Amino acid sequence: MSSSTELTEKKVFLLKSLDGVIFEVEESVAVQLEVIRELIEGDCARPFISLYNVTSEILALVIEYCKHHAETCSGGTSATIADEDLKTFDNEFMNVDENILLELCSAADYLDIKSLFELTCRTLASLIKDRTIIEVRKMFNVENDFSVVEEKAVRKEFAWAFK
Amino acid sequence: MYKAPETSRNQGFPLMDRISKLPDSVLCHILSFLPTKHAVATSVLSTKWQFLWTNILNLDFDSSLCFNPRNTENSKNKMSFPEFVTRVLLLHNSRCIKTLRLKCGGSCERRHVDAWISTAISRNVEVLELCALIGVDRLPHRFFTCKTLVDLKLENYVTIRVPGNMCFPSLKKLQLISVSYDNDESFTELISACLVLHELIIRRSEHDYLVLCNISSPVLKSLKLIFGSNASGFKPYLYNYKLKVYAPALEYLHLDDKVSMDFSIGELTSLVEADIHLYDNELGNDNQYLDSVVKFIGKLSQVKFLSLSINITTPLMSATLFAIPLFHNLIKLNLQVACCQWHLLRTLFDRADNLEVLVFQKTTCKLTTHQACWIEPHQAPTSLLSCLRTVKFLGFEGMRDEFEIVRFILENGKVLKSMEIYGIRRLPIQRKV
C-alpha cells in the first residue's frame, strides 16, 4: 500500500483490514491502537495483525489520524502550539458525513483509541444537539417504532425535556 | 503514500439505521456529551432509545435551556425544571454520577438543591458544578465532607458557610467564581480543607465579604486569581484588602488584581510561569504598598516565562523597583508599559541576564505631559549582548524615547535575529536584522 517506504530503522507493523488491504504503519502509530498494544509489546505482531471489524476505507482514515497525532506530539514544538495544531486538525478531520463518522466512532471503540473515540462521540453529540427529534431520525435513518399513543406518553413523562 | 479515497454522501452505505447499531455503552457515551435535557429528549427517537439516557454518567441541567421560547407559556406543558431534575435523578439507573452540572434560576429552592447534591454525593460524584443558585444560602452538610469529589466549580450567588469538620480528600481542581463567604476564616478553611489541591481559580466579586484572601496550600501547582475585573464595587480605601499566598509548590501563577492593597507572598521556588497584572489605585503613592509590590515581584525571580503589566505610574515606583533581584531563568518576557515606564524595561533588561525573547507593549499614557524616561544604560546588558534573539514592539507611536530604545537594541543586540515593530494602528513595520 505504502509506495514510498524508505529504508529506515524505525519499526513497522502491518495491519490487515476486514476487506484484506494491508497497511504499513510505524510503531508510533500502531501503539495508539490499544487493542493491539499487547501484541506489539509481546512481539506477536508478525506477519500482520488482522483487524476484522474495520474496512480499508475507515482504517486509512484512522491511520491518518494517528499519524498526525504522533507527529505533532513528537514534533518538539511547545505544548500550546501542538494543542492548537491538533485542534485544527481534529476539526477538519471531523468534517465528514455522518455515516463515515459513525464508522469512525465504531472503529475507535473497537481499536480502543481513546482520543479518537472521545472526538467522534463529541461530534456525534453536537449533530444531535443542533437538531429536532424528527431531524435526528431522518439523519441517522432511525425508524420510529412507537405508536402515536406511546410516543405521546413518553413525551408527557418528561415534558420539560421537550419545552 | 496512501491517500484516503474520496467519499461522497451515502456512497456504499444503503439507507439503514447505523447509529442504533452502535453498542449501548457507546450511545450512552455520546449522550453524556449532551445537556441532559437533550439526552432525555432522545428517548422518543425509538423504543431502543427510550431508556438509554438512564445510564449516562454526566448530568448537565440548565434551567435556561429552551428549544422553543414561545412554548414556555404553553399550559399543556406544566412540568417545571425542579420536577424534571428530580424525576431524572429518580430514574437514573447508573450507580455512579461522574459529573453533575447544575445551573438554575429562581425556580429552585434550597430543599431541591440539597436533595440533588446529596443524591450526586451518594452516587460518588467526581465533578460538580453549581451555578447561579439564587436563594440558596448554604450547601448541604454532607457536601463538605465529600470523599469522591475531584473537580468543583461554584459560581454566582453561592454563599460558603463552612462547618467545622470540612474535608475534601480527593479534590484536585477548585473554581470559585463570584462566590461570597461568611467571613475570612471560612475562605481560609475551605482552601485548607482541600488536601491534594492542584489547581485553584478564583474570580472575586465585590460582595464576597472577603478582606484577607489567605491561600495556603503546600501542594498547589496552578493558581489563577482575578480580583475585580469590574473594580467599581470594591472599596479599597475602606477595607485594606490583603492577599496572602503560601504555595511553595506553585508552578503557574496568574494574578489580575485591582483590589489588593497589600501582598504577602511566600517563597515560590518551583515557579515556571507567571502572568501578573497590577493597576493604579488609591494607594499608588503609598510607600508600604509599593514595597509589597516590589517584594512580590522579587518572589517571581525563578520564572522562565513572565508576563508583566504594572500600571503604577508614579516616580516612586521606579525608585523602588531597583530592589528586584536577578531573574536568571527568565527566557521570555512579555512586558506592558505605560509611556513613562521605560525604566521598568531597563531594570528588567538588567536583571534578566538570559533573556531570549522580549515582547513589549506600550499602552496609552494617562499623564498629559509626556516625560522622557528612557535613560540609556552606560553598559549594554548581558542578555542583549549574548542571548536576546527576538524582540517585538507593540504600540509604537514614533516618540523620541521609542526611537532611542529601538536604536539601542539594534545597535547592541549581537545575536538578535528579528525585531518586529507594530504601530498603534496595527500596521506592521518590519525590519529584519
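**Overview of the model.** Residues 24 or more positions apart account for 68% of the contacts in chain B with a separation of 6 or more. Two residues are in contact if their C-beta atoms, placed from the backbone, lie within 7 Å. This is a predicted model, in which local features need pLDDT of at least 70 and side-chain atom pairs count only at pLDDT 80 or more, while totals for chains, interfaces and linings use all residues. Residues are numbered from 1 along each chain as its sequence is written, and chains are lettered from A and ligands numbered from 1 in the order in which they are written. Chain B holds 10 helices and 20 strands. Both are DSSP runs numbered from the N terminus: helices (H or I) have at least four residues, strands (E) at least two. Chain B has 433 residues, and 34% of them count as buried. A residue is buried with 20 or more other C-beta atoms within 10 Å of its own, exposed with 12 or fewer, and partly exposed in between; C-beta atoms are placed from the backbone.

**Confidence along the two chains.** The model scores ipTM 0.88 and pTM 0.84. pLDDT is the predictor's confidence in each residue, from 0 to 100. Chain A has a mean pLDDT of 86, with 91% of its residues at 70 or more. Chain B averages 82, and 81% of its residues score at least 70. Its residues 1-12 fall below 50, with 14 contacts beyond near neighbours in sequence. Residues 71-75 of chain B also stay under 50, with 4 contacts beyond four places in sequence.

**The open sheet of chain A.** Three strands line up in the order E2-E1-E3 of chain A, with mixed pairing. Strand E2 (22-26) and strand E3 (49-50) of chain A stand at the edges with a single partner strand each, so one side of each has no neighbour in the sheet. Strands pair if DSSP finds at least two bridges between them. Strand E1 (residues 12-16) of chain A runs parallel to E3(A), joined to it by 2 bridges. A:Leu15 has A:Ile49 of E3(A) as its bridge partner.

**A:Val31 in its loop.** A:Val31 lies between helix H1 (27-30) and H2 of chain A. It counts as partly exposed because it has 16 C-beta neighbours inside 10 Å. Beyond its neighbours within four places in sequence, A:Val31 touches A:Arg37 and A:Ile40 by the contact criterion. A:Ile113 is 82 residues away in sequence, yet 9.5 Å away in space, C-alpha to C-alpha.

**Helices H5 and H6 of chain A.** H5(A) spans residues 98-111 and H6(A) residues 114-129; their axes lie 8 Å apart at an angle of about 145°. Axes are lines fitted to C-alpha atoms, for helices over the stretch in contact, and angles run from 0 to 180 degrees between N-to-C directions. Residues on the H5(A) side include A:Leu101, A:Leu104 and A:Cys105, and those on the H6(A) side include A:Phe117, A:Cys121 and A:Leu124. The contact residues comprise 9 nonpolar, 2 polar and 2 charged.

**A parallel open sheet in chain B.** Three strands form it in the order E9-E11-E13 of chain B, paired in parallel. Strand E9 (212-216) and strand E13 (262-265) of chain B are the edges, each pairing on one side only. From one strand to the next the twist averages 5°. Strand E11 (residues 242-246) of chain B meets E13(B) over 4 bridges. B:Lys242 has B:Asp262 of E13(B) as its bridge partner.

**Strand E17 of chain B and its two faces.** In a regular strand the side chains alternate between the two faces of the sheet. E17(B), residues 357-363, has B:Leu358, B:Phe360 and B:Lys362 on its covered face. B:Val357, B:Val359, B:Gln361 and B:Thr363 form the uncovered face. Strand E18 (residues 390-396) of chain B pairs with E17(B) in the parallel sense over 5 bridges. B:Leu394 in E18(B) is the bridge partner of B:Gln361.

Technical notes: Nonpolar A, V, L, I, M, F, W, Y, C, P; charged D, E, K, R; others polar.
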